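Visitor: I would like to learn how to read a protein model. Please take me through some of its features.

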Amino acid sequence: MGSTSFRSPAIQQAEGLPYFTPANNAGAAINLQPNTPTLFCPLRIRDVTLKNRVIVAPMCTYSAESDPASPAVGALTDFHIAHLGHLATKGVGLILIEATSVQPNGRISPNDSGLWQVGTDSEQFKGLRRLVNFAHSQGAKIGIQLAHAGRKASTVSPWVVSQAKQRGIKADESVGGWPSNVVGPSGGEEQIWAPGDQYWPPRELETAEVEELVRAFARSAELAVQAGVDVIEIHGAHGYLLHQFLSPVTNRRTDKYGGSFENRTRVLCEVAAAIRAVIPNGMPLLLRISATDWLENQPVAAETGSWDLPSSIRLAKMLPGLGIDFLDVSSGGNHKSQRIEPHTNYQIDLAGQIRQEIHAAKHATLVGAVGFITQAESARDIVQGAEEAQATEAMLSGPKPQADAVLMARQFLREPEWVLTAAKKLDVKISLPWQFARGLL
């Protein structure tokens with residue numbers, strides 16, 4: 001029968017829903033013990049406590065309304081309720097909604113989600129609110145990743161690409177694209193993301209437009225708070241706009257947002273400050289970065305420099321002053337010359353090195369690891385012991401934790417019930433959703 005257990009408190013109606021469903025809290029460990037794996041121990045970030053340390057990483061699903069004339073353009077749909085809501089029923093601690101653009105031209109494709117429509121009566125707001133309410137009814141925390149795609153914008157959905165057997169296909173006006181308004185820190189043909197006729201050349205943002213971008217992030221964050229999200233993540237990774245500003249490979253500006261490390265990180269610092277100013281003090285603020293461009297020893301890096309691990313460590317030490325509580329460590333995606341040799345721990349090791357430097361600086365910023373995490377045992381080992389205080393952690397006899405939480409995306413596409421099966425493998429008794437319990441016992 002395994003170790004998963006079902007408890008029977010008085011059934012309570014879930015709040016925030018117009019229909020009856022019992023309030024669930026699947027995935028929470030029952031009767032925490034000293035030997036309970038850290039993976040199933042709660043994680044407190046400011047005023048928010050996750051019931052376990054399993055986070056659904058943002059996954060673009062290209063399933064929002066794409067018609068620019070529709071009031072529902074960019075709004076989350078029933079697909080997102082079915083997809084992310086199902087993961088909420090299966091015990092995850094935190095769901096991060098896919099990259100959600102703060103401006104219309106910041107979507108990767110016309111079918112991406114957005115949160116730029118002002119007001120709580122907009123379709124974008126109502127779609128988000130509906131998903132948040134359902135996730136909460138299942139005991140999951142939910143956050144939103146606010147983003148701008150920059151020079152990677154205005155492409156068609158990946159399955160269209162797959163059918164056409166090409167790496168990328170431009171989205172023009174006939175399919176809702178915006179070819180004349182694809183933007184970046186720097187512009188021109190040399191700043192196209194991929195070789196060949198696959199992406200639009202970006203135009204360089206004017207200084208005033210960068211300042212407006214900062215305000216757009218803040219407006220979207222304020223709407224997300226009103227919709228009831230628990231956390232907000234800033235997307236500064238994977239070659240999207242904020243990452244493009246960070247890296248000297250893609251940032252050739254000569255104004256206050258280009259040149260030195262301080263100038264290249266300026267827009268991220270301003271975005272963080274603007275968001276922190278409009279969200280509750282107790283709300284966690286997360287940041288996803290690419291720890292490296294993977295351009296070491298490449299000619300382009302010799303010419304301009306690149307964003308690398310030392311850059312990320314330097315940024316990580318700035319995060320407490322920016323009000324950022326959690327660093328989500330990914331990598332790559334910013335230049336066609338990147339050289340990545342993926343292996344099981346290639347990003348986990350990056351997260352571990354950054355976390356070690358954070359602790360050496362006596363900072364409390366939490367770190368999340370992502371990439372090729374599929375097995376319960378490996379997820380357990382990555383975070384084991386992370387709940388200990390820093391001083392105690394330094395004396396741990398076994399391997400040091402590499403992260404405070406794990407983030408997974410594709411594994412949840414393969415195995416939505418991953419948290420439940422992981423609990424069985426690790427011999428942890430957890431709560432089950434009422435509707436599924438008899439099939440899971």
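Visitor: Which elements do the buried residues of helix 15 pack against?

Guide: First, some ground rules. This is a predicted model, in which local features need pLDDT of at least 70 and side-chain atom pairs count only at pLDDT 80 or more, while totals for chains, interfaces and linings use all residues. Residues are numbered from 1 along each chain as its sequence is written, and side-chain values use heavy atoms, with hydrogens and water left out.

Guide: Helices (H or I, at least four residues) and strands (E, at least two) are DSSP runs, numbered from the N terminus. Buried means under 20% relative accessible area, exposed means over 50%, and partly exposed lies in between (1.4 Å probe, protein chains only). Contact means heavy atoms within 4.5 Å. In helix 15 (residues 418–425), the buried residues are Trp418, Val419, Leu420, Ala422 and Ala423. They pack against strand 3 (54–56), helix 12 (376–383), strand 12 (405–408), helix 14 (410–414) and helix 16 (437–440).

Visitor: What follows helix 15?

Guide: Asp427 follows helix 15, and the phi of Asp427 is positive, near 60°. Arg46 is another residue to look at: its phi is near 55°, a positive value in a residue other than glycine. Arg46 sits in the loop between strand 1 (43–45) and strand 2 (48–50). Trp294 also has a positive phi, of about 60°, although it is not a glycine. Its place is the loop between strand 9 (285–290) and helix 8 (299–304).

Visitor: Does Trp294 count as buried or exposed?

Guide: Trp294 counts as buried because its relative accessibility is 18%. Arg46 has 28%, so it counts as partly exposed.

Visitor: At what angle do helix 1 and helix 2 pack?

Guide: Two packed helices are described by the angle between their axes and the distance between the axes. Axes are lines fitted to C-alpha atoms, for helices over the stretch in contact, and angles run from 0 to 180 degrees between N-to-C directions. Angles under 35 degrees count as roughly parallel, over 145 as roughly antiparallel, 65 to 115 as roughly perpendicular, and the rest as oblique. Here helix 1 (residues 78–89) and helix 2 pack at about 20°, with their axes 9 Å apart. The two are therefore roughly parallel to each other.

Visitor: How do helix 2 and helix 4 compare with those classes, and which residues meet?

Guide: The axes of helix 2 (residues 123–137) and helix 4 (residues 207–227) come within 9 Å and cross at roughly 45°. Helix 2 and helix 4 are therefore oblique to each other. Phe125, Leu128, Arg129 and Val132 in helix 2 meet Leu223, Ala224, Gln226 and Ala227 in helix 4. By class, this contact has six nonpolar residues, one polar and one charged; Ala, Val, Leu, Ile, Met, Phe, Trp, Tyr, Cys and Pro count as nonpolar, Asp, Glu, Lys and Arg as charged, and the others, Gly among them, as polar.

Visitor: How many disulfides are counted?

Guide: A disulfide is a covalent bond between the sulfur atoms of two cysteines. The rule used here asks for a pair of cysteine sulfur atoms within 2.5 Å. By this rule the count is zero. Cys41 counts as buried, because its relative accessibility is 12%, and Cys60, at 29%, counts as partly exposed.

Visitor: Where is Pro401 found?

Guide: Pro401 is in the loop between helix 13 (390–393) and strand 12. Its relative accessibility is 6%, so Pro401 counts as buried. The C-alpha atoms of Pro401 and Ala386 are separated by 5.6 Å, while the two residues are 15 residues apart along the chain.
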